[in-house]
Amino acid sequence: MSEPKPPTPTPGDTYKGWLFKWTNYIKGYQRRWFVLSNGLLSYYRTQAEMGHTCRGTINLATANIAVEDSCNFVISNGGAQTYHLKASSEVERQRWITALELAKAKAVRMQAESDDSGDECPAVPPSSGQGGGCRNSEVQSTLRTLSSKVEDLTTCNDLIVKHGSALQRSLSELEGIRVGADMGEKIRQVTERATLFRITSNAMINACRDFLSLAQNHSKRWQKALQTERDQRIRLEETLEQLAKQHNHLERAFRGATVLPPSFSNPTLGSKSGVSGKGDASDEDDDNEFFDAMEDPAEFITVPADPKYHRRSGSNVSGLSSETGMDDQSVNFDELSLASNPESPQPLELEPVRQRRTRIPDKPNYYLNLWSIMKNCIGKELSKIPMPVNFNEPLSMLQRLSEDLEYYEILDKAAKCQNSLEQMCYVAAFTVSSYSTTVHRTGKPFNPLLGETFELDRLRECGYRSLCEQVSHHPPAAAHHAISEKGWTLRQEIALASKFRGKYLSIMPLGSIQCLFDKSNNHYSWKKVTTTVHNIIVGKLWIDQSGEIDVVNHKTGDRCHLKFAPYSYFSRDVPRKVTGVVTDKDGKAHYVLSGTWDEKMEFSRIMQSSKGENGTEGKQRTVYQTLKAKEIWRKNPLPEGAETMYYFSSLALTLNEPEDGVAPTDSRRRPDQRLMEDGRWDEANAEKQRLEEKQRTARREREREAVKAASSPEEAITEDSINDSPLKTDAQETGTEASEVSDESAHPENYQALWFEKIDDPESGETLHVYKGGYWEAKEQGSWDMCPDIF
C-alpha cells in the first residue's frame, strides 16, 4: 500500500518517515520509523512505539552525514553510534538528506550560542523570529558602539594635531626670544599648550584602549559565528549540487520518456535490461534510467528496448545474425569458435614457448629541477627541446607504438565476424584499448634514431609479429606493420606534433592507422586523438586524451564516430569517458559504444531510434532503444610493483628484453636506453650525447653526398651555402636528442627507408609507408649487411 509522500522539509519542522536500517548480517535491512526533531534523530520499530519506547537517538550537532549511492546514506557521531540507512528511492533519500543537513546546521548554531558566555539573549534557534531578532539587535548595538568609539578616536586625533601644532609654534618662538620681560609670558604659553597636548594624548590613549577592549570581547564570538556560517554554506552548496544532479537526472528521464510511443512507455519494460543495471529492488525508477552518451550537438540517449526484442534475441538467433550480425548469443558463438578454428596454428603450440621477464630494475629516485629546463622552452616544438633521460622511460617511441598490440585478441575476434557492422564494433574497441597503457605513463619515450627498428615477434605465443622503423628524420615519423595468422594486418605511420604551453604539453599525432582483414577484404582506417600532459611545472603529472575519431570501412561505407570527452572538474560524467555510434553507409545507427579509455568498453545493439526534444544547444537529440550492454574490452591489471617500474604493463616489461638474432638497428641494442633501464642514468646521459653527435655527423655526411650528386652548379652552391651557413637552427648546434635534431636543410629523399616504401593507398587515398618485405628473411639468414651503423 503506497504511503503519501512527506512534504519538503523546512527549517524548524519535525520530519518523520519510514527508512530501512541495517541491523546485522542475518536480518539485513529492517524497516523502522524515524523521527527528526530539535536536532535529534530517533527511531522506533513502529509508529505506535513513539509514545513509550525509543530504540535509539543520535545528536546531529556532532554527527557526520555521508551519501553512499543513490539510496543509501550513513549517519555517524564519531564511532559510538553509526546508522546505515536506505531510502525507498533516490528522491526520498534526498528529502532526508536535506532535512538532516538543515537540522544539523540548526543544532550546530544552537550549541555555538549556548557555549558563548557573552550572549545577551537566550539560546534559541536562529531560524525563529525571536532568535533572529535578538542576534540582529545585538549586532546593530555593537556596531553603534564601535562607530561611537571610532568617532571619539577621530576627535582626539584632530585635537592632537591642533594642540601639537600650537605647541610647536610656541617652542619655535621661545627659541628666538631674548632673555627679558617677555620670557615669562612665553614660558607660560608653552606650559599651557603642553598641558593641553598631554590631556588630549591621554584621551586618545583611553579611547584606543576602549576600542581595543571592545573589539577583543566580540572577536571570539564573531569568529565562531563566521565559522558556523561557512560550514552551513558548504553544506548548502553540497545539498544544492545533489539537487542539481537529481533535477538533471529527472529532466533527462522526462525528455526521453515523452518522445517514446505508448508501447515503449510502459513502466513494466524489461526489468534491469537497460544500460545501467545498478540499483535497489525497491527503486521505482530502476526501469527508467537514461544517460547522455555524448554532450555535443550529436547528443543521444539510450533506453531499454521492448521485452519483445529480448525474447526474439533468445529464440531466433539466426534471424538476428542475418539482420545485424550481433545478438545475445552470437558473441559467445564466435568465442567458442576460436578454439576450434581449423586455421589456428595448432602445431606451433606443441613447441616450447619462451618465458618472458616479469620485472625490470626499479626506477631510481633522482631529483631534477624541471623548471630550470622548461622555462626557456615555452612555445617551442617538443622535438627541439633538449631533454635528459631523467624525464624518459626506458622504451623508444617504436616500442610504444608496438604496445598498440597489447589487446591483439580484439582483432582476432574481429577477424571471425561475419558481419561488417559487428566487426566495426571490435575495431573501434581496439582503437580505444591502445590508450589504456598511457593513463599512468608520464615518462617520455626515447625518440628513435633515423633508421632505428624494432621487431616484436610473438608468432608462437600470440600468432602475430610486427616491425617498426624510423623512416623520417624531420619531421620524426615511424612506420609500423603487424600481421597475424588469424587473418588481419595492421599498418600505421605516425608523426608527432607537440607544443609546450607552460602548464601543459599537447601531443598531436599525425598520420593514419589502417587495419585490413583477409577473409572479408574490409579495409578500416582512423587517426589518433590529442594527448595532453597536465601539471608540467607544479603538481602531479596526469594525462588526458581528448578529441574525436572516425573509424571508416572503405569497402562498405560503415562508420563509427568515437568521442573522447576531455576531463572537466565541473562535469557530472565519469572521467575519461568514451562514447560512439556505429552507422552504415546510409547513416542508420546499429550499435552504441560506451565506456572509458582506461578501463573498459561496452556495446549495445540498437533496436529502435527516435528523435527527442532539443538539448541545451538547441540540437535535437536522438533516443536509442538498445538491448542489454555487453562488455567488448576490459583493461588487463598492471603487474605487481608496477608503480616502481614506470607503470609498465606486462607486455611493456618484455619489450626491451634482450633477444638474439635481432637487427643491429633494433631498439633493444640502443646503449643509452639500456643504461637507463639498469639505473645508470649519468652514464645514460653521456651515451645519449655521444649518439646525438654521431647523428649530426651522419646528417652532414648525407648533405655533402647530396651536394656532390647535384647536377646543377647553382644547386651545389645553394647546398654549400646552406651547409656552411652560420644561421643554422639552435637544435642543430645544441645537445638535443639524436632524432630530435631539427634538420631544416636536409632533403627527405636523401634517406631511403630500409624495410618500408612510400605508396599511395587507393582505398583511403592517403600516402604512407608500407612494409615492402625482406626483414624476416634477413633474420632467418642472419644477414644484416644492409643495416646502417647508428649505435
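Buried residues, meaning those under 20% relative accessible area with a 1.4 Å probe and protein chains only, make up 47% of the 791 residues in the protein. The model is predicted, with local features needing pLDDT of at least 70 and side-chain atom pairs counting only at pLDDT 80 or more, while totals for chains, interfaces and linings use all residues. Residues are numbered from 1 along each chain as its sequence is written, and side-chain values use heavy atoms, without hydrogens and water.

**Overall composition**
- The protein has 16 helices and 27 strands, taken as DSSP runs (helices H or I, at least four residues; strands E, at least two) and numbered from the N terminus.
- Of the contacts (heavy atoms within 4.5 Å) between residues at least 6 apart in sequence, 59% join residues at least 24 apart.

**The seven-stranded sheet**
- An open, antiparallel sheet is built from seven strands in the order β4-β3-β2-β1-β7-β6-β5, where pairing requires at least two DSSP bridges between two strands.
- Because β4 (56–59) and β5 (64–67) stand at the edges with a single partner strand each, one side of each is left without a neighbour in the sheet.
- Nine bridges join β1 (residues 15–24) to β2 (residues 28–37) in the antiparallel sense; G17 has F34 in β2 as its bridge partner.

**Helix α10**
- In α10, 14 of 14 residues are buried.

Definitions and conventions: Buried < 20%, exposed > 50% of the residue type's maximum accessible area, 1.4 Å probe, protein only.
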